[in-house]
Amino acid sequence: MAKKKQQQQPWVVQFNGTSKPVLVAPFDGCRTHVVDMAALRGKRCLGLDGDWSLMLDQLTNECSLDTPPPYPYLRFGCTLSNQSPPNCTVLLGLKLEKSLLHCRPGDAEWSRLLEFDHDWEKFDGPITSGDQGKVYAATMASLVAVDASGPAPAVERTDMERPPPCPVHAWYKCYPIPCPGGELFLVRSCHFGSSGGVVDVKLFQWNQKDNAWETVESIGDRTFFVGRFSFVVQSAAETGTQPNCVHVLTGVCGEYGVYTVSLDDMTIRLNIVEGCVEDEEEVDTFWALPTSFGLEAPQATDSDDLPTEVMQRKTEHCCTEEEKEVMATNIVSSKWSDLHADLLHLIVKKISFIDFLHLKAVCKGWNSITCPIQDAKVSPLLMTTKPGREEDLLEVFDPVSEKKYNIRVSIPASDLKSQGSQLLHFTKNGWVIMSRGGDHMFFLVNPFKNYPDGGDVIALPRLDVRGLRGLSFSSLPGSPDFVVLAVGSLGFEIITIRTWRIGDEDWKEECLGDDDVPFRMASHSPVFLDGVFYFLDINGRLGVVDPNEEDMEWNILEKPDKPIRGSEEDQECDYTYLMECKHELFAILRESGDDGSIEIFKLDRSKMVWTELEEMEDVALFWDRSNALIVRPPPGEDLCNKVYLPNYYTKSDDGGRAQAFYCLEEGEYYPSFNAKEPMNAIWFEPKPEDVDQCKC
C-alpha cells in the first residue's frame, strides 16, 4: 500500500525589502527557501489578508491588490471582506491611529469609516475577517465589528470592551479570531518587558447573550495561528496540525519565534524561526498558507508532547472513597504496621518529600512516626494551577522523585460565571500568594498545613494594581512583624506600594517616588531583610521601604551606583531578580536573547557593590517568572551550581519527565534553552514543621 503523503504545514514568510523573500517551514526543521519575485521591486505592502496583499507603488503612489503576497509594512493591518477581488471591500487599519480606511478596487480614493475621539481608542492590533463579510479590528480599549458584506461597509458596534486586564502582565496584544459559524474568540498574548517574549496566553469567547467575554480553557480540535495574518484551522485531524493549540508568531530579541501554547497541559514553548530577523524599519514576518493546505492529511503528532506522564494520586485527599477502602484493605493484609521503626527511619532518608507524605498515610503507626521531615530528601517543588479542571486543585512536581501529584486547597469559590484561572505570585516559609484572575481576589495559602484537609487559607482584600511589579510578605502569618506588600510602577518616578496586615479591612496605599533619581523597577518580588523591604531596579540600584513607619518613605540608596550590567538600560529587556540567602542579598540576571545566559551577583554590604559570582558550589537556584530561591539541596543529589527552571522535557526511556537547568560552570542549558514550560508555575519550598504537624 502506498504511503499517504504528509500535508504541508503553514509557512513563515519574511520580506526584506528586496525581490527575494525568505520562506521558512517552522514545523519541519525550519527548512528555508529563498525565491526571486520581480513583482516586489519598487513596491511596499500596506497589508495582507490570505492570498492577497495591498500594494503601494512607491513611484506612482498607486495601490493595487496583488498575489502572491509581497512585503507587508509593519504599521498597517489589512483585510478583505472576501477572497474574490474585485468584488470585495478592502479595510485598512493604521496602527496607533483613531480611524479605519476602506475602498473597493477601482475607487479613486480611500474613505474613512469611523473616527475615535480618545487616545485609548487607537487601533493597535490586526484586522481579521470572518464569515459573511464580518470584519473585526482591535483597539487599545475594545473590539470594533464591521459589516463589509455590502458595497458600503457599516460599523456594527464599537462597545465590545476587552476582557479585564491581566493582574500580572502589563503588556499584551489582542488578536480577534472569528470562526466559521459565527463564533468569535479573542487571543490575548502577554509579553515581558520590551523583549517581546510571550509569557502567557489567555483565550476568551464572546457571549452574545451576556454581551461579554468569557474565559475559554479549550478550543477542541481547532488550531489558532495568530500574528500579522491570523487564521483558524477548524479540524486539526484533517489538516495535521496540533489540536487545542495556539501558535503565536512574534518578534523576540532581534529574532522571530513561534510560541506554541498547548491548552491540554497549559504549557508554552518557543521555537526560533531560523533565517528570520526582526527589523521594524526594513522587514516584517507573517504566516502564509500553502495552496494545498486544508486537504485531508494524517494526524500529526509531536513525540515530545505525547501523554506519557501519569498523574500520581496516592495521598488520601486525592483518592476516592473506594480507593481509600482498597488502600486500607491492602495495608491490613500486608501488615505494614509491623515494620520495625528503625527500618522505617532508614527508609525516610532515601525517599522524596512527597513520598514522605505517602509514607505517613499508610497506617496510623506510620503517621505518628517522630522521624523529622529533614531526614527525607526535601527540595523545592514546582507548583502549577490546573485551569479548566477543579479550581481548588494544584499540581506539584517533585524534581527529586521526578513525579507529579495533585494537592487540594480550599480556595473560596467566586461568584463570577467565568472567573479565569488562578495565578501564583510569590512563595516563602511554606506559604504562597495566589489570586483569581477574574475578580482580583488574593489569598495566602499553606497547602501542607492542615494537610490533607485543603491547607490553611487566608483571604486578602481585593487588590487591583496597575503595573503590578511584585508581591511579598515579611514573615510567617501571625508573627508580630507580619505584613504583605504589593508594589506597582507605571513610570520611572512613581512607585505605588500597598500593605496589609491581619485584621485590616483593606490595603493601605502609598504613592512614593523620587523626582531626582529615576528608579526603573524590575519585575520581581521584593525581599524583606533586617526589618525593611528591598527593591531592585533593572540597573542594580536598590530602593528601601520600612513598612512599620506611619508614613512610609521611599529611599533610593546612594550605593550601589554602578550599572550591574556595565551600562545603563532604559527599558526592561531581561529578567532581574533580587534574592536573600543567609542574610545576604543576591541578584540574578537572565537574558531574554537567543541563549538566555544567566549571571549571579552578590552584594558586598561592606562596600555596597555588586560582585559577580562564577559559581555557587554548595547551593542550587530555582528560578521562575515570579521569583527565585537559593537552597541547599538534599544530600546525595547532584543539584549544586545549577539554576533549575520551570521548563521540562519528556524522558524517552521511561515516559517520565525531568527538569531543565542551566549549568553555571559550563554556561549551558540542559537539555536546551527552549524546553517546554508550564504557564503560571512557581517554585515552592515546604516548611518542615508544617509537614511534621500534619496528620495524613
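Where is the place of Gly106 in the chain? I began my notes with this residue, and I found Gly106 in the loop between E9 and strand E10, the latter covering 111–115. I then looked up its surroundings in what is a predicted model. Gly106 counts as exposed, at 80% relative accessibility. I also noted Pro86, which is 20 residues away from Gly106 in sequence, while the C-alpha atoms of the two are 8.2 Å apart in space.

**Entry on E8 and E9**

Strand E8, residues 90–94, is mostly covered, since four of its five residues are buried. I saw that E8 runs antiparallel to strand E9, residues 99–103, and that four bridges join the two. Within this pair, Val90 stands opposite Cys103 in E9. The hairpin of E8 and E9 has four residues between the strands, and there Leu96 takes a positive phi near 65°.

**Entry on E13 and E14**

I looked up another hairpin, in which six residues join E13 to E14. Strand E13 (residues 142–147) and strand E14 (residues 154–161) run antiparallel and are joined by five bridges. Here I wrote down that Ala145 has Arg157 of E14 opposite.

**Entry on the whole chain**

I then stepped back to the chain, in which I counted six helices and 50 strands. The chain has 696 residues, of which 54% count as buried.

**Entry on confidence**

The mean pLDDT of the chain is 78, and 72% of the residues reach 70 or more. I found the lowest confidence in helix H2, residues 321–334, with a mean of 48, and the highest in strand E36, residues 527–529, at 95. Over residues 1–5 the pLDDT stays under 50, and the model has three contacts for them beyond four places in sequence. The pLDDT is also below 50 over residues 68–74, although this stretch has 37 contacts in the model beyond near neighbours in sequence.

Which strands stand at the edges of the open sheet of six strands? I wrote down the order E20-E19-E21-E22-E23-E49, with mixed pairing. Strand E20 (231–233) and strand E49 (677–678) are at the edges, and each has a single partner strand, so one side of each is left without a neighbour in the sheet. Inside this order, strand E21 (residues 245–252) and strand E22 (residues 255–262) run antiparallel and are joined by eight bridges. Val248 stands opposite Tyr259 in E22.

Leu621 stands opposite Val643 in E46.

In the loop between E45 and E46 I found Asn641, which has a positive phi of about 60° although it is not a glycine. Is Asn641 buried or exposed? At 9% relative accessibility, Asn641 counts as buried.

**Entry on other backbone details**

Asp530 is not a glycine either, yet has a positive phi of about 55°. I placed Asp530 in the loop between E36 and strand E37 (532–536), and noted that Asp530 is exposed, with a relative accessible area of 54%.

I also looked up cis peptide bonds. One joins Lys559 and Pro560, with omega at about 0°, and Pro560 lies in the loop between strand E39 (555–556) and strand E40 (575–581). Another joins Tyr670 and Pro671, with omega at about 5°, and the place of Pro671 is in the loop between E48 and E49.

**Entry on cysteines**

How many disulfides does a search of the whole structure find? The search finds zero. I looked at two cysteines for their cover: Cys179 counts as buried at 3% relative accessibility, whereas Cys640 is partly exposed, with a relative accessible area of 24%.

Definitions and conventions: Residues numbered from 1 in each chain as written. Predicted model: local features only at pLDDT ≥ 70, side-chain atom pairs only at ≥ 80, totals over all residues. Heavy atoms only, no water. Disulfide = S-S within 2.5 Å. Buried < 20%, exposed > 50% of the residue type's maximum accessible area, 1.4 Å probe, protein only. Pairing = 2+ DSSP bridges. pLDDT = per-residue confidence, 0-100. Contact = heavy atoms within 4.5 Å.
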